[in-house]
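Below are some questions and answers on a single protein chain. Please have the sequence and the coordinates at hand.

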Amino acid sequence: QVTLPRRMVPKAVRDAFRRTSSAAPAPAPAQKTSPANPRIGGLDIVFHAQLGEPLCELTKAQGPAQGSLLAAATWDGAITFVDGTNGEFKVRCGVLGEDPPNAIAFSSDSTWLVCCSDDGYARVISSDAGSLVLEHAIAEEPEPGKRRRLAAAEHAITLDSTSFVAAAGRLIHTYGVSQGKLQHALTMDANVRSLCCAPSSMASFWAYAAAYQGGVQLVSPSGDGICKLSSGRPLRSLAMSDEWLALAAFDGTVELWDMARRAATASPHRPEADRSLQAYCRSDGASLQWRADGGGLAVSGKRASVFDFTGANPKHPYRKDHGALGQPDPLPRVCMEDGSHQQLVAWAPPDTDTPATRLATVGKDGVVRIWQPHGMPLRKGGQGDPAQPQRMKAQFYTFLKNDAAHPTGDAVEPRALVWLGEAVVAVGYETGDLVAWRH
């Protein structure tokens, strides 16, 4: 039996099922985890909350409220705000319609949340009251006498505490929440696949980036497309550090543009990627995340992998290239786990004295795993024939530190992975369970 992700099922098909049943679609029956998962343990449950409906999206607050407030979107179209310290429900918004949100994002001050749905609307919700503040159709103005054409809205980010960016098909809208009006509209060459904000160091030059089949469009604060970065790969996710823009493809290839150097040398318009990386461990590019200080880039896949940007350059017999401080080490650090496909990756936030070096992953079996890919020991190996070292695809191997399964012990598919603090990690499961563990 093959289960397609919700976004791959045409809206007409979902609507047909919705007309025949008013109940939310039930998640796949849970299966028992194998005796080998979890293998180590060492994580203590902080809370286990149950939403009562299947989960589709989960995000955490930004700014001072980071880690202490969560927003969970469920298949019935509701948004529930959850206390990130104890799992208690704070307020619920259930007036968003029948379509479950495809994307949700907090404002920088966490006073409101934007969510996008298949009906083509972006809606803003007060995180304090749980009330609907406004809704906006992401569509072009129709010709006189014709109906407005709406496409599914699937991506949303917030630029600050006053505006959001949302995409539906090829169309992108920047909307001012405080003014209550559309600020900018932009049409891409193909459907938008991912959005990300510019780092604060570059926000005066460009506000956000939009990835689509063919490359990435950088957009200025005034809403103008300022330059296009080209890629011939099937793009899947987009992430930005203070220096590098990273793009991951379905085949696991990661392309990098050194945006800091381009800005310093006034050469931002060269479209080709500066570097291309491949982990050779069946990476899929579905989840891509930078370490908080830019010292590492993690990618999901059959085995999660990390590319180092600290300039450590450990010795390796098959090494052909080195990475200087701030430059990528082309040798991946592969998280060695023979269990489930690692669907999501997330770095722990830094503590007061040391950088964030703990990486969390969660597999299709719902087991959350903790790694130290920048710690020792790192074993040396690679893909290929050792008798021909010049052709080996070199790798480092890092090993599991701690893990934990869903509290029932069943294999339950995850929907989200977030850190609520430097030692607390949480998983949102498709069954509507929110579980947090302390490392």
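**Contacts, core and sheet**

Q: Which residues is alanine 246 in contact with, leaving aside its neighbours within four places in sequence?
A: The model is predicted. Once neighbours within four places in sequence are set aside, the contacts of alanine 246 are Ser237, Leu238, Ala239, Val254, Glu255, Leu256, Leu288, Trp290 and Leu297.

Q: Which element gives the most residues to the largest nonpolar core?
A: This core has 18 residues, and Ala246, Val254, Leu256, Leu288, Trp290, Leu297 and Phe309 touch the most other members. Two or more residues come from each of β20 (244-249), β21, β23 (283-290) and β24 (296-301). The top contributor, with three residues, is β20.

Q: Is aspartate 258 buried or exposed?
A: Aspartate 258 lies in strand β21, residues 254-258. Its relative accessibility is 7%. The cut-off for buried is under 20%, so aspartate 258 counts as buried.

Q: Which backbone nitrogen does the side chain of aspartate 258 reach?
A: Beyond four places in sequence, aspartate 258 is in contact with Glu243, Trp244, Asp274 and Gln327. At 3.1 Å, its side chain reaches the backbone nitrogen of arginine 261.

Conventions
Residues numbered from 1 in each chain as written. Predicted model: local features only at pLDDT ≥ 70, side-chain atom pairs only at ≥ 80, totals over all residues. Heavy atoms only, no water. Helix = DSSP H or I, 4+ residues; strand = E, 2+ residues; numbered from the N terminus. Buried < 20%, exposed > 50% of the residue type's maximum accessible area, 1.4 Å probe, protein only. Polar contact = N/O pair within 3.5 Å; in protein donor to acceptor, adjacent residues only side chain to side chain. Contact = heavy atoms within 4.5 Å. Core = buried A, V, L, I, M, F, W, Y, C linked by side-chain atoms within 4.5 Å.
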